[in-house]
Amino acid sequence: MDKRRELWIDAAKGFSIIFVVMGHSGDAAANHYLSWFRMPLFFLLSGLVFKPTPPQQYAGWAVKRAKGLLTPYFAYGLLIAAGMLLYSLNFTGFLGNIARLLYGGLTLTGPYGVFWFITCLLFTQLLFGYIVRYSRSTQFLLIASAYLLSHIIALTPLKNFNLPWNIDVALLAVTYYAIGYYGKKAIPALISRLYVLLLLLPLCGFVLWLERRGVISYSLDMKYKVYDALLLDLALPLLISLTICAAVFQLSKRLPLGFMGRLGRNTIAIMYLHLPLNYSLKFLLGADYGLIPFTLVGVVLPLLAAKWAGRSPQLSRLYLGRGGSRPAVQYGAARR
């Protein structure tokens, strides 16, 4: 059976993963500005497609979600650790990498630099999946409390505690996730209007002008708990995320975005592989390279690897988070 999807959501995920790769290229300006929204956008888009499960089925659903996200987490982690072991023949280092994978969080650096996101996403989904069992007013209260608590942690010495798997960052992420879920109908209805994009773009430009002029100073780094602006941490990521969604929605009605849709359906391979592949290539070349080569290597090669792995049910299960052959994808027409 064909699986109908919204092209603009997959395409937006595709742009999002490109922004992630660009931010890790070493270009300071790109990282600074892309960090304002690239992770919040991922959580918002994930919330858009979230489907609640009945409370009596929560335990089984939670196990399934954990298995689906942690299987690739450890599969890629062990693959990278094995590659480093073959190069260095340092068995102690190999065991250290395994220990870091098990603990996660801020211990994951270098080729493991983005692994924190997967465990944070898992706990965000588990947290939100539990919250939605309550009344809507209680849901809002719990989410607002989590948002406030995340900032209390970020503004106090609690920030320095490296909790396993970035569990505490889920307190912030659940807000962006909830915005996507609660906006499941409102967001598509809003961004389908061209004039909304024409309003959002100047607003984003104005915010950028304010930052460049020194009127505001803003930084956001979810992994390292750099979120200390209670209002801006909600307003700016949401503004830019909605602008990107609106732009992608409008483009999806005018241009063939099938390639971006494929990117969006293979973010897992790009997320895990773009750093180790670029690090390896830089080492082999003995030289650094800029933003565009880094992005091309980090997007194209993992996409080819995902296409190859997709031919095998076993590799699909391990590295793509799915088993067997993938259903055909059929996109519905963008709603006006």
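This is a predicted model: local features need pLDDT of at least 70, side-chain atom pairs count only at pLDDT 80 or more; totals for chains, interfaces and linings use all residues.

Reader: Is L106 buried, exposed or partly exposed?

Author: Buried means under 20% relative accessible area, exposed means over 50%, and partly exposed is in between. L106 has a relative accessible area of 23%, so this residue is partly exposed.

Reader: Which residues does L106 touch, leaving out those up to four places away in sequence?

Author: Contact means heavy atoms within 4.5 Å. On that basis L106 touches N162, N166, K223 and Y224. The C-alpha atom of L106 is separated by 25 Å from that of L238, a residue 132 places away along the chain.

Reader: How does one describe the way in which two helices, such as α4 and α13, lie against each other?

Author: One considers how their axes approach and cross. The axes of α4 (residues 58-88) and α13 (residues 267-285) come within 10 Å and cross at roughly 10°. Angles under 35 degrees count as roughly parallel, and therefore α4 is roughly parallel to α13. On the α4 side the contact is made by L69, P72, Y73, Y76, I80 and Y87, and on the α13 side by I268, A269, Y272, L273, P276 and F283. Sorted by class, this contact has 12 nonpolar residues, no polar ones and no charged ones.

Reader: What can be said of A269 in particular?

Author: A269, in helix α13, has a relative accessible area of 1%, so this residue is buried. Apart from residues up to four places away in sequence, A269 touches Y76, P302, A306 and L320. A269 and Y76 are 193 residues apart in sequence, yet their C-alpha atoms are 8.9 Å apart in space.

Reader: How many residues does the largest nonpolar core have?

Author: The largest nonpolar core has 104 residues, and those with the most contacts inside it are W8, F43, Y73, F115, F117, F128 and M222. Helix α4 gives the largest share of this core, 11 residues. As for F115, its contacts beyond four places in sequence are Y73, Y76, G77, I80, L101, L108 and Y272.

Reader: How far does helix α6 reach, and what span is expected of it?

Author: One compares the distance between the end C-alpha atoms with an expected span. Helix α6 (residues 115-131) has 17 residues and reaches 25 Å from its first C-alpha to its last, close to the expected 24 Å.

Reader: Which elements cover the buried residues of α14?

Author: The cover includes α1 (7-23), α12 (258-265), α13 and α15 (313-319). The buried residues in α14 are F294, T295, V297, G298, V299, P302, L303, A306 and A309. Helix α14 (residues 291-309) has 19 residues and reaches 27 Å from its first C-alpha to its last, close to the 27 Å expected.

Reader: Where are L89 and W165 found?

Author: L89 is in the loop between α4 and α5, and W165 is in the loop between α7 (136-154) and α8 (170-182). L89 is exposed, with a relative accessible area of 70%, whereas W165 is buried, at 17%.

Reader: Why does N97 count as buried?

Author: N97 counts as buried because its relative accessibility is 8%. This residue is found in helix α5 (residues 91-103). N97 touches A81, M84 and Y112, not counting residues up to four places away in sequence.

Conventions:
Residues are numbered from 1 along each chain as its sequence is written. Side-chain values use heavy atoms; hydrogens and water are left out. Axes are lines fitted to C-alpha atoms, for helices over the stretch in contact, and angles run from 0 to 180 degrees between N-to-C directions. Helices (H or I, at least four residues) and strands (E, at least two) are DSSP runs, numbered from the N terminus. Angles under 35 degrees count as roughly parallel, over 145 as roughly antiparallel, 65 to 115 as roughly perpendicular and the rest as oblique. Ala, Val, Leu, Ile, Met, Phe, Trp, Tyr, Cys and Pro count as nonpolar, Asp, Glu, Lys and Arg as charged, and the others, Gly among them, as polar. A nonpolar core is a set of buried Ala, Val, Leu, Ile, Met, Phe, Trp, Tyr and Cys residues joined through side-chain atoms within 4.5 Å. Buried means under 20% relative accessible area, exposed over 50%, partly exposed in between (1.4 Å probe, protein chains only). The expected span of a helix is 1.5 Å times one less than its number of residues.
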